[in-house]
Amino acid sequence: MSLAGKTAVITGSNSGIGLGVARELAKAGANVVLNSFTDNEEDHALAAEIAKVTGVDAKYVQADMSKADDCRRLIVAAGGCDILVNNAGIQHVAPVQEFPTAKWDAIIAINLSSAFHTIAAAVTGMRERGYGRIVNIASAHGLTASPYKSAYVAAKHGIVGLTKTIGLETAQDPITCNAVCPGYVLTPLVEAQIPDTMKEYNMSREDVIKNVMLERQPSKEFATVEQLGGTVAFLASDAAAQITGTTISVDGGWTAL
Ligand code: NAD
């Protein structure tokens, strides 16, 4: 299905999964609004490149997803938000007794509260325009836990709960709200965890990838940003109009274990 004429706002999309989702939605015809907290030339250049390659309108809007006002300003600046992809996220790994309070607060703000603010700002316009797709990028950690990721696992379980609630609140509107739960995807967020894990387990990069990161991913392969983008594009299509308030795992079998 063509998403021509729809506008998609993807939070945290100057890198990784968010950028992959933006590219796939643009390929499907949607105009895209890219976002992160920085305001660099390269950020705006990404939007220009997507516009050039796909022919859609694309722009970059700086907004810090740790701040409630910025989350709501992003939706206003988009000038209409038909497809909202809450993707911005950070990670911190530490045992709970050593977990810095500031990191807990930042993870809850960026990975969870930002979605509440953007959804609250977007849903009225979606109702008025008669179409809305909300896709929250959760994680396999929205359905299962791992040690040392207390804030991340709490935020991702929270986003699954928020997804169900918004699915119910919008069930009689032409709006859906779902969460996509990726397993490991090789993005800068994951890449950054490799050196510490190599030290912790005294392992080579290859062994960390196969035996630690992909230990719980039965396929033994990373999911790709294109696969995540394709899943979001499907959720935005007419075929997915009755899929709401649920999760779709893209995790190579992780949560089947
Ligand atoms: P990434 O680090 O490549 O991307 C994170 C994005 O969020 C970046 O664009 C970054 O600029 C943005 N961001 C960070 N703080 C922000 C802030 N305060 N305001 C606005 N934007 C901000 O990581 P990724 O792997 O692409 O992660 C994207 C999402 O996917 C996250 O929610 C993450 O939890 C989730 N996820 C990733 C994986 C994985 O294996 N990579 C697995 C499951 C879920």
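These legends describe close-up views of a predicted model and its ligand. Local features need pLDDT of at least 70, side-chain atom pairs count only at pLDDT 80 or more, and totals for chains, interfaces and linings use all residues. Residues are numbered from 1 along each chain, and side-chain values use heavy atoms, without hydrogens or water.

**View 1. The shell around the ligand.** The ligand is surrounded by 31 residues (a heavy atom within 4 Å). Asn14, Ser15, Ser36, Tyr152 and Thr187 are the closest. By class, 16 are nonpolar, 13 polar and two charged (Asp, Glu, Lys and Arg count as charged; Gly is among the polar).

View 2. Polar contacts are pairs of N or O atoms within 3.5 Å. A backbone N or O atom of Met65 sits 2.8 Å from a ligand nitrogen. For Gly12, a backbone N or O atom is 3.1 Å from a ligand oxygen. A polar backbone atom of Gly183 lies 3.5 Å from an oxygen of the ligand. The protein covers 93% of the ligand's own 820 Å² of accessible area (Shrake-Rupley, 1.4 Å probe). Helix H1 (16-27), strand E2 (31-36), helix H5 (150-169) and helix H6 (188-191) each give two or more residues to the shell (DSSP runs; helices H or I, at least four residues; strands E, at least two). H6 gives the most, three residues.

**View 3. The largest cavity.** Its space is about 40 Å³ (probe spheres set on joined grid points; 1 Å grid over protein atoms alone, where a 1.4 Å probe fits but cannot get out; lining residues have an atom within 4 Å of a point). Lining residues include Thr11, Asn86, Ile110 and Lys156. Helix H4 (101-129) supplies the largest share, four residues.

Note on methods
A polar contact is a pair of N or O atoms within 3.5 Å; within protein, one must be able to donate a hydrogen and the other to accept it, and residues adjacent in sequence count only if both atoms are side-chain atoms. On a 1 Å grid over the protein atoms alone, a cavity is a set of points where a 1.4 Å probe fits but cannot get out, and a pocket is an open set with protein on both sides within 12 Å along at least five of seven lines; lining residues have an atom within 4 Å of a point.
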